[in-house]
Amino acid sequence: NSNDIIILLTKCINFAAVKHKNQRRKDKEQTPYINHPIGVGYILTNEAGITDPVVIQAAFLHDTVEDTNTTFEELKETFGNDVADVVAEVTDDKTLDKMERKRLQIENVKSSSPHAKLVKLADKLYNLRDLDQTIPVGWTPERAREYFEWAEKVTDSFSENSLKVIHRSDAKEFTIELPP
Ligand code: NDP
Ligand code: ZN
């Protein structure tokens, strides 16, 4: 029931906040990192209208394994296999070098589950909006532009009836378009 869902989602947000507590985004203002996973969940619920609890939990938790000491076992125990599996699908293998990880994202997203695609798309959308606001410390405009091109390759490989990131030519507006 809805009480259980409220309790569960709050548990998720709190779990992510504790895990990311010492991390900051790469922008000049050093925004608290937790703004990002919360924002990804916000895009899915409030912009795309997605209310599947597994997707929203995975959105809040999506960077916990990649960027903190969280393990998949911990996610399984705390939030169940379905949520942990979606997080696993959107988590890079950090033993690989950066260029290989980027190539694999383009490759792996093609065969990923619809749940994982939603999280991945909202994640990219959030990061592109962030980059559009301000270029991270130490980045050149070229590097930001390359990130846009790569993100487009990741999301372009989604199947026809999945969500899409729309890039306006002025690169100012990014929206999620729901399938018909
Ligand atoms: P990174 O992968 O290093 O950084 C982008 C990631 O940082 C995002 O996917 C996002 O991941 C996170 N992030 C945190 N804060 C922000 C923010 N404010 N805006 C956007 N994203 C943010 O970047 P690149 O893809 O450019 O680099 C890949 C590799 O190439 C690195 O090894 C880098 O050192 C190297 N490199 C590339 C250059 C280039 O010109 N392309 C130049 C120099 C080095 P999350 O969703 O997980 O938070
Ligand atoms: Zn992310």
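1. Trp139, Tyr147 and Trp150 make up one aromatic cluster (rings of Phe, Tyr and Trp, the last by its six-membered ring, pair if their centres lie within 6.5 Å; planes under 30 degrees apart are stacked, over 60 edge-to-face, the rest tilted). Lys102 sits over the face of Trp150, 3.3 Å from the ring centre (a charge counts as over a ring if NZ of Lys or CZ of Arg is within 6 Å of the centre and within 35 degrees of the ring normal).

2. A word on the source: this is a predicted model, with local features needing pLDDT of at least 70 and side-chain atom pairs pLDDT 80 or more, while totals for chains, interfaces and linings use all residues. Residues are numbered from 1 along each chain as its sequence is written, chains are lettered from A and ligands numbered from 1 in the order written, and side-chain values use heavy atoms, without hydrogens and water.

3. There are three aromatic pairs in the structure. Phe15 and Phe79 are edge-to-face, 5.2 Å centre to centre with 90° between the planes. That pair ties together distant parts of the chain, Phe15 being in helix 1 and Phe79 in helix 5 (residues 72–79), 64 residues apart (helices are DSSP runs of H or I, at least four residues, numbered from the N terminus). Lys11 lies over the face of Phe79, at 5.6 Å from the ring centre.

4. Phe15 counts as buried because its relative accessibility is 14% (buried is under 20% relative accessible area, exposed over 50%, partly exposed in between, with a 1.4 Å probe and protein chains only). Phe79 is buried too, at 10%.

Conventions. Helices (H or I, at least four residues) and strands (E, at least two) are DSSP runs, numbered from the N terminus.
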